[in-house]
Amino acid sequence: MTTRCLRILVLTCSTRPGALGPAVGGWLTDTLAPVAKELDVDLVPVAIGDLDLPFLDEEEHPSTGVHRHEHTRRWSRIVAEADGFVFVTPEYNYGMPATLKNALDYLGPEWAWKPAGFVSYGHTSAGTRAVQHAKQVVTTLRLVPLGSTVAIRIADAMRDDRFAPDPRHAEAAEGLLGELVRVAHALTPMRERGHADAVTGPLPGSYVRPLGPDDAAEVTVLQRCCWLEEALINDTLDIPALHETLDDVRAWLAEWDVTGLWRDGRLLGMVRTRRDGDDLHIGRLAVVPDLRGLGVGRWLLGRAESAAEGCRRVLLTTGVASHRNLALYQRQGYVVLPDPRDDGAVDLAKAVTV
């Protein structure tokens with residue numbers, strides 16, 4: 001599960017001239033800025049009125065992801081890049097504004113498995129009926145509404161025509177953001193499985209996706225777990241994977257093409273590849289100990305070898321006493337190269353057939 005900074009969209013929903021919405025949205029982002037920094041959250045304020053979204057004018061169903069108009073494609077990118085949302089909404093006639101309903105209806109998969117918090121404002125009900133109305137819609141889009149909300153009665157929040165809510169509203173907003181961050185992290189595996197670059201893995205519920213520098217923490221844990229056993233088998237601690245720092249791991253994750261196998265937010269295995277002239281180098285093939293013997297390593301190796309098109313051979317390295325690894329590679333057609341090494345490792349090669 002990636003450790004990158006969460007991107008939270010703060011969406012001001014009212015477009016009525018002179019509406020209170022911009023003041024509420026500005027107060028919210030200013031109030032939450034210190035907490036957002038502590039939680040490693042990037043708050044992104046967006047006003048529906050700035051999106052230039054006409055009444056839904058797309059021919060294709062939103063679930064297809066086919067968007068013909070530039071205003072829809074721009075809105076799709078904004079929502080797809082977000083990890084969660086806070087809707088700042090007034091209440092109009094017992095419901096949410098038509099502008100919010102329209103913005104929701106434009107898209108489909110972009111909303112899925114992301115938390116949604118609400119900051120409402122109004123008179124008698126403090127906007128809470130708009131929130132209940134909106135929750136019926138967002139759950140259909142597979143957004144996950146929070147239990148925490150911020151409800152502001154306009155009469156209680158105005159000071160000499162200036163919007164100045166009570167401290168309790170700020171406390172409620174901080175609680176909402178904290179819950180939103182926890183839920184966003186918990187839903188990360190669900191969001192990742194739906195990404196275009198995620199592919200179904202060999203185990204039930206698993207998927208693979210490219211790994212990058214943001215995954216360094218999970219990769220470091222996997223390496224320490226897997227290569228400790230290699231160290232014991234080969235009677236040496238002189239194994240780079242056991243000594244690399246987070247910065248070291250981030251560096252090679254940026255340089256190699258790395259595939260990770262995930263399930264429920266847990267990194268189960270990985271393999272990396274890099275081309276060098278006519279050779280494809282494969283390395284760091286790893287599977288968590290409790291899932292060995294299920295064909296996962298063989299599956300990851302085959303996926304890595306699929307990048308060998310146009311190469312003359314595939315090269316990899318393992319410990320001289322790693323008999324299980326050697327047996328796996330030799331069954332897959334690898335042969336041990338004759339040139340000896342003095343670091344307790346052996347190189348293997350496999351010719352690429354056209």
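These legends accompany close-up views of a predicted model.

**View 1**
The chain holds twelve helices and 15 strands. Its radius of gyration is 26 Å, well over the 20 Å that the globule rule gives for 354 residues, so the chain is more spread out than a compact globule. The C-alpha trace spans about 85 × 45 × 35 Å along its principal axes. Of the 354 residues, 50% count as buried. The accessible surface of the chain comes to about 17500 Å². Carbon and sulfur atoms account for 52% of that surface.

**View 1. The largest pocket and its lining.**
About 1200 Å³ of space lies in the largest pocket. The lining has 47 residues, and the closest to the pocket centre are Trp-227, Thr-317, Thr-318, Asn-325 and Tyr-329. By residue type, the lining divides into 21 nonpolar, 14 polar and twelve charged. Several elements each supply at least two lining residues. The helices among them are helix 8 (216-234), helix 9 (240-243), helix 11 (296-305) and helix 12 (323-331). The strands are strand 12 (279-287), strand 13 (313-319) and strand 15 (345-351). Which element gives the largest share of the lining? Strand 12 does, with seven residues.

**View 2. Arg-284, a residue with positive phi in strand 12.**
Arg-284 sits in strand 12, the element with the largest share of the pocket lining. Its phi is positive, about 50°, although Arg-284 is not a glycine. Is Arg-284 buried or exposed? Its relative accessible area is 13%, under the 20% cut-off, so Arg-284 counts as buried.

Arg-292 is placed in the loop between strand 12 and helix 11. Its relative accessibility is 26%, and Arg-292 counts as partly exposed. Leaving aside residues up to four places away in sequence, Arg-292 touches Cys-226, Glu-229, Val-287 and Arg-324. Thr-15 is 277 residues from Arg-292 along the chain. The C-alpha atoms of these two residues are separated by 57 Å.

**View 3. Trp-75, a buried residue of helix 2.**
Trp-75 belongs to helix 2. At 1% relative accessibility, Trp-75 is buried. What does Trp-75 touch, not counting residues up to four places away in sequence? Its contacts are Leu-9, Leu-11, Leu-51, Leu-53, Ala-103, Tyr-106, Leu-107 and Trp-111. Leu-100 is 25 residues from Trp-75 along the chain, and their C-alpha atoms are separated by 13 Å.

**View 4. The buried side of helix 3.**
Helix 3 covers residues 98-105. Its buried residues are Leu-100, Asn-102, Ala-103 and Leu-104. Together, these buried residues pack against two helices, helix 2 (70-80) and helix 4 (128-140). They also pack against strand 1 (6-12) and strand 3 (84-90). Ala-103 is one of the residues that Trp-75 touches.

**View 5. Leu-180, a buried residue of helix 6.**
Leu-180 lies in helix 6, residues 167-186. Its relative accessible area is 0%, and Leu-180 is buried. Not counting residues up to four places away in sequence, Leu-180 touches Ile-8, Gly-84, Phe-85, Val-86, Pro-115, Gly-117 and Leu-146. How far apart are Leu-180 and Gly-117 in sequence and in space? They are 63 residues apart in sequence and 6.9 Å apart in space, C-alpha to C-alpha.

**View 6. Thr-29, a buried residue of helix 1.**
Thr-29 is in helix 1, which covers residues 21-38. With a relative accessible area of 16%, Thr-29 is buried. Its contacts include Val-10, Leu-43 and Pro-45, leaving out residues up to four places away in sequence.

**View 7. Arg-142, a loop residue with positive phi.**
Arg-142 is found in the loop between helix 4 and strand 5 (144-153). Its phi is near 70°, a positive value in a residue other than glycine. Arg-142 is partly exposed, with a relative accessible area of 40%. Arg-284 also has a positive phi, about 50°, but Arg-284 is buried.

Conventions:
Residues numbered from 1 in each chain as written. Predicted model: local features only at pLDDT ≥ 70, side-chain atom pairs only at ≥ 80, totals over all residues. Heavy atoms only, no water. 1 Å grid on protein atoms, 1.4 Å probe; cavity = no way out; pocket = protein on both sides within 12 Å on 5 of 7 lines; lining within 4 Å. Points joined across faces, edges and corners; volume = space filled by probe spheres on them. Helix = DSSP H or I, 4+ residues; strand = E, 2+ residues; numbered from the N terminus. Nonpolar A, V, L, I, M, F, W, Y, C, P; charged D, E, K, R; others polar. Rg over C-alpha atoms; globule rule 2.2 N^0.38 Å. Buried < 20%, exposed > 50% of the residue type's maximum accessible area, 1.4 Å probe, protein only. Areas by Shrake-Rupley, 256 points an atom, 1.4 Å probe, with all protein chains shown as cover. Contact = heavy atoms within 4.5 Å.
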